[in-house]
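Hi,

Here is the structure I promised to pass on. Have a look at it first, and then read my notes below.

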Amino acid sequence: KLQFLYFIAGERGGNAMFRLSSCLRALNDSQCNKLLLEHCGRKGISRKVASTEACTLIERWQRQGDQPGEQTVRTAIGYAVRANDDQSLLFLWKAVIRGVGIKLKGRDYQLIATTFSKCNNLEALRNLWSDMKAFNTRPTLGILHAVAECLISNNERSKASEGLLAANRSYQLNNSTKALLITSMDSSESAERFVKDQNIDISSSIEIFNAVLSQHSKEGNTASAETLWRKRPSEQNCKPTDLRRSWTHLLSCYSQRGDWEGIELVWIRLNLSSLKPNVIDASIVIDCASRCTDPLSALPVASSIFESFSHSKYQPLFTSMMKLFSVTSQAEQARSLYRWIRTHGVETSPEFIKYSDIAIGDAELLSYLRNV
């Protein structure tokens, strides 16, 4: 009989599935879980829709006085996590897990915390943390990592650093979390001191290497960055994404300092490496041209780099180029760039508009271009 009901519900879609709610009291948790899987796992359904429908089904059950079991709740959590759906997770947490008192495993908490962090939902993470303390559940290292990431994204680096330093005394931090701790620190000096105090071999972890390099990058410490670069881990042991991040940090360091000669040499080194520059790297180099002491002499090389990557329609690239036109008084080239962007439908930012105003210097013409 149950299989027949599954078949009918599957044929007729979601509404038919809801009609089975009256049968719930006769079903055990395993059968409820199967009902949820059958409903939300229909062919062609998106992750977001599956997550939302799972919560809707559970909510309807609750209205009828029925409560889903642990297995059913875990399935619903899985749908929400795969969809990065923090709102569905909030519903499950408040109305089902906390409301009914269903106990979760450490991995379940970690999945929820990671999703809240990806969605930058700091308030939900704080509530989760508070409830875990009330449930006498010790946070896993993965949860601590997720909370710290979210704090950093919300410009609360000091709190992230303080929490991770405290965790370092009671947990065995992995390289990924150590790297996050270094990223949260207030200076490159603090980062270098932590590496020294912990006896960390920086050449053995690309994550930690990149974290320290990013601190030098923010401060424009090119000499320290180049000294650190000589300790870079072997490329054979690193992922291409991590290697690319290293080059991006090094370019950013020279850009922050406004060292055009230095960044040109790094650009050449990058072109000769196993990786090739991407549009993000190009944006950084062009931005450095506008920061350097002689932007006019840097303009030809920067323009050539821009031409090589302009097909990408990467908005920061165009902002960097317009900024360079504004500091070098290239009104005609700025007009051409503005027309090109309007013609090709590239999204503009307030910063781009600001530099356009400066570069073009003709309010009437700029107003016309905006309306074309």
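**Cavity, core and a buried proline**

By class, the lining of the largest cavity comprises 5 nonpolar, 1 polar and 1 charged residues. Bear in mind that this is a predicted model. The residues around that cavity are Leu90, Trp93, Lys94, Phe116, Ala124, Asn127 and Leu128. Two helices, H6 (86–101) and H8 (122–134), each contribute at least two residues to the lining. As for volume, the largest cavity comes to about 40 Å³, and searching the whole structure turns up 1 cavity of 30 Å³ or more.

Now for the core. The largest nonpolar core contains 108 residues, and those with the most contacts inside it include Ile112, Leu128 and Trp260. Helix H9 (residues 141–153) provides the largest share of this core, with 9 residues. What does Ile112 touch, leaving aside its neighbours within four places in sequence? Its contacts are Ile77, Leu89, Trp93, Ile97, Leu104 and Leu128.

One more spot to look at is Pro233, in the loop between helix H14 (222–229) and helix H15 (240–257). Is Pro233 buried or exposed? Pro233 counts as buried because its relative accessibility is 6%, under the 20% cut-off. Apart from neighbours within four places in sequence, Pro233 is in contact with Ile202, Ser203, Ser205, Ile206, Phe209 and Cys238. Glu207 is 26 residues away along the chain, and its C-alpha atom is separated from that of Pro233 by 9.7 Å.

Cheers

Conventions. Residues numbered from 1 in each chain as written. Predicted model: local features only at pLDDT ≥ 70, side-chain atom pairs only at ≥ 80, totals over all residues. Heavy atoms only, no water. Core = buried A, V, L, I, M, F, W, Y, C linked by side-chain atoms within 4.5 Å. Buried < 20%, exposed > 50% of the residue type's maximum accessible area, 1.4 Å probe, protein only. Helix = DSSP H or I, 4+ residues; strand = E, 2+ residues; numbered from the N terminus. Contact = heavy atoms within 4.5 Å. 1 Å grid on protein atoms, 1.4 Å probe; cavity = no way out; pocket = protein on both sides within 12 Å on 5 of 7 lines; lining within 4 Å. Points joined across faces, edges and corners; volume = space filled by probe spheres on them. Nonpolar A, V, L, I, M, F, W, Y, C, P; charged D, E, K, R; others polar.
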